[in-house]
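These are my notebook entries on a structure I looked up. I set down each item in the order in which I examined it.

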Amino acid sequence: MLPDLRPPAPRPGADPRGVAVLGSTGSIGVQTLEVAARFPDRLRVVSLAAGTRWETLAEQARAVRPERVVIADESAYASLRGALAGTGIDVAAGAEAVRALAEDSGAEIVVAAIVGAAGLRPTLAAAESGKTIALANKESLVVAGALVRDAAARSGAVVIPVDSEHSALFQCLVGEPEGCVDRLVLTASGGPFRERPASTFGAITPAEAVAHPNWSMGAKISVDSATMMNKGLEVIEAHWLFDIPADRIDVVVHPESIIHSVVEFVDGSSKAQVGPPDMRVPIQVALSFPDRWPADHPRLDWTRTGPLTFEAADTDRFPCLGLAYAALRADGSSPAALNAANEVAVARFLDGSIRFPDVPRLVEAGLAVARPAGTLDDLLAVDRDARRAASEARAPYTV
Ligand code: NAD
Ligand code: MG
């Protein structure tokens with residue numbers, strides 16, 4: 001699934017590379033367009049896709065001038081088409097059109113930045129059609145890592161991680177021989193409630209949960225960071241990307257978010273990738289690999305970085321991390337059930353219908369529907385059942 005990790009040779013093919021940005025109106029999507037705008041000779045955005053916010057999508061399309069834009073929400077089609085009338089940009093709507101965009105031959109690179117399991121079909125389509133996938137949508141690997149891996153193996157597609165921890169691991173592995181990894185260490189910021197006593201978790205508001213100390217991100221991943229489910233999903237993501245079992249993937253809390261992750265090798269040597277927290281860096285790495293392009297992203301000032309600290313993750317206060325490890329060890333459809341139930345739990349927490357400590361409980365309710373599942377249809381059926389279980393689970397559990 002990964003590209004050749006031998007020391008990089010020049011990339012074949014001509015610049016500019018065609019880029020499709022799926023989830024262009026989101027946090028990663030917007031930063032991707034920012035990176036692309038700096039390198040007009042190297043990157044050409046050929047298509048954009050988003051969920052519901054047609055005004056923002058239209059604005060982006062007018063600025064970027066792609067060939068095609070797709071809005072998943074079919075009820076926004078007429079408005080989007082009206083807004084882009086006379087531009088010559090092709091407009092389509094619906095989930096199938098988003099999927100078709102991902103396999104479109106006009107793009108060499110597909111930036112998978114849709115949030116949640118909604119990104120799975122487009123990611124799979126890109127993997128089936130041999131694209132280079134700059135992958136932010138970790139949920140697609142959590143739900144169907146084996147299917148994405150197998151599709152990529154058949155088509156020759158490669159996946160380059162955008163998630164900062166996995167980009168770090170990827171960069172540490174470039175040039176290293178196969179079989180040299182002892183352990184992966186994913187760093188975690190610990191989120192906004194790292195120091196908060198569990199006895200007060202019932203009073204956490206959605207606004208507090210989305211206010212991440214180090215990163216500005218979409219609402220769903222921000223809540224995932226607050227529950228530490230994000231790190232759990234990332235452990236599963238790392239398993240599929242790097243083919244390392246759960247027992248050799250560790251998590252360490254590092255509140256400063258300077259060390260983005262560490263690879264420990266069989267000879268006792270370790271490599272880490274470091275830098276100020278800024279998603280434009282891993283986005284650019286994914287778009288430029290195997291080259292590196294000059295950019296003025298902030299650098300670390302080592303004399304002002306201050307102490308870098310580390311502590312163990314607290315799975316008593318943050319049970320979601322333990323649930324994700326358990327789902328990965330159980331294999332089958334457990335990660336798909338975990339992810340689906342978590343998506344429902346996060347949405348219910350954000351709309352105020354459950355409290356923060358209910359999130360892991362709803363996830364447990366969803367995990368109960370896991371069963372052996374191999375095909376995409378099996379996994380999507382588990383996803384549906386887990387969503388139902390988490391929607392119907394009684395809340396609030398907490399008193
Ligand atoms: P976001 O909520 O800001 O944006 C999500 C994007 O997906 C939006 O453009 C939205 O329109 C689109 N979308 C939602 N449902 C859709 C659908 N059904 N069809 C098509 N488009 C749809 O989210 P984000 O923070 O940018 O995160 C995107 C992904 O990247 C997530 O999987 C997240 O875990 C991952 N990620 C994000 C960050 C970050 O810093 N934001 C870091 C690492 C990984
Ligand atoms: Mg991450």
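The entries below concern one serine and then the ligand.

Entry 1. I noted at the outset that this is a predicted model.

Entry 2. I looked up the position of S24 and found it in the loop between β1 (17-22) and α1 (27-38). Is S24 buried or exposed? Its relative accessibility is 0%, and buried means under 20%, so S24 counts as buried.

Entry 3. I then listed the surroundings of S24. Leaving aside residues up to four places away in sequence, S24 touches G29, V30, L33, L48, A49, A50, L57 and Q60. With Q60 there is also a polar contact of 2.7 Å between the two side chains.

Entry 4. I turned to ligand 1, which is surrounded by 22 residues. The closest are T25, S27, G51, E139 and G218. I recorded that the shell divides into eleven nonpolar, eight polar and three charged residues.

Entry 5. I checked distances to oxygen atoms of ligand 1. A polar side-chain atom of E139 is 2.6 Å from one, a polar backbone atom of G26 is 3.0 Å from one, and a backbone N or O atom of V115 is 3.5 Å from one. Taken alone, ligand 1 exposes 830 Å², of which the protein buries 85%. The elements giving two or more residues to its shell are α1 and α6 (138-155).

Conventions: Residues numbered from 1 in each chain as written. Chains lettered and ligands numbered in written order. Predicted model: local features only at pLDDT ≥ 70, side-chain atom pairs only at ≥ 80, totals over all residues. Heavy atoms only, no water. Helix = DSSP H or I, 4+ residues; strand = E, 2+ residues; numbered from the N terminus. Buried < 20%, exposed > 50% of the residue type's maximum accessible area, 1.4 Å probe, protein only. Polar contact = N/O pair within 3.5 Å; in protein donor to acceptor, adjacent residues only side chain to side chain. Contact = heavy atoms within 4.5 Å. Near = heavy atom within 4 Å. Areas by Shrake-Rupley, 256 points an atom, 1.4 Å probe, with all protein chains shown as cover. Nonpolar A, V, L, I, M, F, W, Y, C, P; charged D, E, K, R; others polar.
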